[in-house]
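Colleague: Could you take me through the aromatic contacts in this model, and then the salt bridges? I'd like the cut-offs alongside.

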Amino acid sequence: MHLKPFSEVTLNFLARDHKLFIGGKWRPGQSDRIIGVENPAREEIVAHVRAASADDLDAAVSAARAALDGPWSRMPPAERARLLFRLADLMERHAIKLAELSTIENGMPLWMAHAKMEGFCPELIRYYAGWTTKYGGDTLPAVPIRGEADDWTVFTLKQPVGVVGAIIPWNSPAAMITLKTAPALAAGCTLVMKPAELTPLLATRFTELIEEAGFPSGVFNLVQGYGDDIGSGIASHPGIDKVAFTGSTEVGKAIVRAASNDLKKVSLELGGKSPFIVCADADIDKAVPGAAAACFFLSGQNCMAGTRLFVEESIADEFLSGLVEVSKNYVVGDGMQEGTLIGPVISGKQRERIRAFVLEAEESGATKLFEGDCPDGTGHFVAPTIFSDVAADMRIAREEVFGPVLAVQRFAQNDEAELLARVNGTHFALSGSVWTRDISRALRLAKKIDSGQVGINAHAAISPETPFGGNRQSGWGREFGREGLDAYFKTKAISMNLGPHT
Ligand code: NAD
């Protein structure tokens, strides 16, 4: 298999001194902690990044506050839109180099990273750029204090929520940084961005594009660092008005605790254990590859991953043998290798965690129906794995593995209540899908699945327009769409008494 080399541009980028971006200036982090960035396919340290200190974080928050109170707040929305459109164009122009950085630090196949840089990320930025000139408050037919209608004009203003501290995970670096940046800046907020310590590089290059696009100083600030100092520092910082977090449920709870000190606003996009439900009348030719992709995409390191397959008893054997055949096509390897569909998982620690889940599933009586091939030796590779005969109370059926491991349960045709009890029986409630040709059954189930979104004959069908987020312990609030923008505004009601009567 051909291993594509990294470009000169990317190799030169790695060798650079990676700095923080605060108040429009690049400056070295002041902490003693140095992040070694690993290529998970080769277990090589490819770059070093000096973390931010508490003083650096204070400086970033002050710069964001000054920008919020300064020229950024006076800039016409159309000008904010122009800057965002420019950022989207720059991402497209540099798509392949950005993709290489994603592959180096995250491991995802290059073709997949490239598709995100050319499609999803710039389109998301453009979607929110469009809102800047269209979003506003309402004039209300309100008459306070038993007055007369002619005397009163009541309206709402939508004002930016303020300085936003964004804390993001490593599983899809470009999508995560874009998803926090685009709506926040479209709303007129300013940002202090903390990428995951495992994937700081794409964020650095993205920040250079922010600078090149011409955003005023202090509007976007980049601080690198670990969760236990810079992450928790953001969550409790008195100068930050809102924390926008994507990551694990456990850390989400810690952020809520830290942010409760001054009751700052918090939005949370957390973990998932999403159901993929296949009814007997489903289009099997679509549902079989759909089930494999839903679980194995991004090596299973995807919050929406369809990691619980529920298949109707009468077609289960046929469906599972088809699924095993399709799963054999999921080539595991280096993301720079042609033909790779599944890259490595992010770290040795994550690989061991997944292996422990697999071992425990075997010991607790699940049947290992399939285990794919996977390179030996160097690289944090995990083979795609399918377990059948999984009981609803096994850990593999309840907890987020964050690896390419599928847990299969069967269901009987005539007991939807029992099926739904199992489907809704985890503490996660993020996503899910129903596969059937019977539209009544599809809608009946879709309405009763407890999650932020449900696909019908599609899984994880996200788009810039479609709200996305979790119920229960999968999160607070929604991203994407108009609701994703709402989260960066506060509403002010203004009631004007214009008449003589009150
Ligand atoms: P994580 O929670 O360990 O880390 C996420 C971020 O939080 C990192 O930047 C980390 O440095 C920071 N952090 C860690 N401890 C912190 C603390 N005490 N205070 C403040 N910040 C802290 O998650 P991860 O391992 O990077 O990502 C995987 C998780 O993210 C999975 O659970 C996955 O489901 C979830 N995720 C959810 C979505 C979604 O949209 N719902 C999307 C992607 C990933």
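Modeller: Here's a walk through the ring pairs first, then the charged contacts. Keep in mind that this is a predicted model, where local features need pLDDT of at least 70, side-chain atom pairs count only at pLDDT 80 or more, and totals for chains, interfaces and linings use all residues. Numbering runs from 1 along each chain as its sequence is written, and side-chain values use heavy atoms, with hydrogens and water left out.

There are twelve aromatic pairs in the structure. To pair, rings of Phe, Tyr or Trp (its six-membered ring) need centres within 6.5 Å; planes under 30 degrees apart are stacked, over 60 edge-to-face, and the rest tilted. Take Phe-120 and Phe-480: their ring centres are 5.9 Å apart with the planes at 65 degrees, so this one is edge-to-face. Phe-120 belongs to helix H6 (residues 110-131), while Phe-480 is in the loop between strand S19 (475-476) and helix H17 (481-486), so the contact ties together parts 360 residues apart in sequence. Helices (H or I, at least four residues) and strands (E, at least two) are DSSP runs, numbered from the N terminus. Phe-480 is buried at 3% relative accessible area, whereas Phe-120 is partly exposed at 21%; buried means under 20%, exposed over 50%, and partly exposed in between (1.4 Å probe, protein chains only).

Helix H6 also holds both Tyr-127 and Trp-131, four residues apart, about one turn of the helix. Their rings pair edge-to-face, 6.4 Å centre to centre with 85 degrees between the planes. Tyr-127 is buried at 19%, and Trp-131 is buried at 18%. Together with Tyr-128, Tyr-135 and Phe-489, Tyr-127 and Trp-131 form one aromatic cluster.

On to the charges: the whole structure has 30 salt bridges, each a side-chain nitrogen of Lys or Arg within 4 Å of a carboxyl oxygen of Asp or Glu. Asp-334 and Arg-42 make one of them, at 2.7 Å from N to O. Asp-334 is in the loop between helix H12 (316-327) and helix H13 (348-363), and Arg-42 in the loop between strand S3 (34-39) and strand S4 (44-50), 292 residues apart. Asp-334 is buried at 10%, but Arg-42 is partly exposed at 22%.

Glu-208 and Arg-205 form another salt bridge, at 2.6 Å from N to O. These two are three residues apart in helix H8 (residues 201-213), about one helical turn. Glu-208 is buried at 13%, and Arg-205 is buried too, at 17%.
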